[in-house]
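I opened this notebook to look up the backbone of one structure. The entries follow the order in which I worked.

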Amino acid sequence: MNSIPAMTSQKVHDYLTEIGSGWQRKGVAMELGCWLGASSIALLRGLVKAGYDLDFWAFDKWDTPAPQVVKAKAQGMKISAGQDLKPLYCDNVGKIYSKIKAIKGGMPATLSGFNGSAIEICIFDAPKQEPVFTGCVRALKNFWIEGVTVLGLLDYNFYERHNGRKRQQFRAPVDFMEKYGSHFEVLKSWDDECPVFFRYVKKITMD
Ligand SMILES: C[S@@+](CC[C@H](N)C(=O)[O-])C[C@H]1O[C@@H](n2cnc3c(N)ncnc32)[C@H](O)[C@@H]1O
């Protein structure tokens, strides 16, 4: 594990590295919801091994709401409420890979800053409720490659930790897969982890 505070486990980082190592030179990699860079770095370590030479796209608000201050402190790092974390993110991931396109602000609106190249690896670690989840899918799905793209939904089972209205809201990725699951195959899931990784296998047309 690198020393950067993370909201994902070592197990998931190892899998991100494995996915990166399997990069097929068919498209770019991106992460939506990067925080301080721990999961991006795990993926980039694998990508670098595979000879990745394209832009790595990173999207986040990087605006440090109070709960992030607490999470970082618990992992030994001091950040302040309202701090712009983009420079810290860029510094952290920049030690591993230089071609980072980091776009700060609220998704899905900021996804209009993406240049529309084919996407081979697409990690969602922010979109977990509507309308953001479907907004992000709509903005990116036309750039996914059938039979190739890996879609990592890192908050897939997050709803299980909640009750009532929140549980319903955080089901957005599960609701999506209940509707469009035949367009994907499951690559990896764990009994004790939120993330589930899918391969996009069949074109989606959404109404
Ligand atoms: C779970 S954290 C990401 C953790 C990181 N991937 C890791 O493993 O350490 C989610 C991140 O998404 C960002 N975020 C949440 N909603 C967002 C939105 N609508 N637009 C942009 N960023 C968002 C937050 O700022 C936060 O940094």
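**Backbone notes**

I began with Arg-25, which counts as exposed because 10 C-beta neighbours lie inside 10 Å. For the term I used these cut-offs: a residue is buried if 20 or more other C-beta atoms lie within 10 Å of its own, exposed if 12 or fewer, and partly exposed in between, with C-beta atoms placed from the backbone.

I noted that this is a predicted model, in which local features need pLDDT of at least 70, side-chain atom pairs count only at pLDDT 80 or more, and totals for chains, interfaces and linings use all residues. Residues are numbered from 1 along each chain as its sequence is written.

I then looked up phi of Arg-25 and found a positive value near 65° in a residue other than glycine. I placed Arg-25 in the loop between helix H1 (10-21) and strand E1 (28-32). Helices (H or I, at least four residues) and strands (E, at least two) are DSSP runs, numbered from the N terminus.

Is Trp-62 buried or exposed? Trp-62 counts as buried because it has 22 C-beta neighbours inside 10 Å. Its phi is also positive, near 45°. Trp-62 lies in the loop between strand E2 (56-60) and helix H3 (66-74).

Next I turned to peptide bonds. I kept in mind that most residues other than glycine have a negative phi, and most peptide bonds are trans.

Met-107 and Pro-108 are joined by a cis peptide bond, with omega about 10°. I found Pro-108 in the loop between strand E3 (100-104) and strand E4 (119-124).

Which bond joins Glu-130 and Pro-131? I recorded a cis peptide bond there, with omega about 5°. Pro-131 sits in the loop between E4 and helix H5 (132-140).
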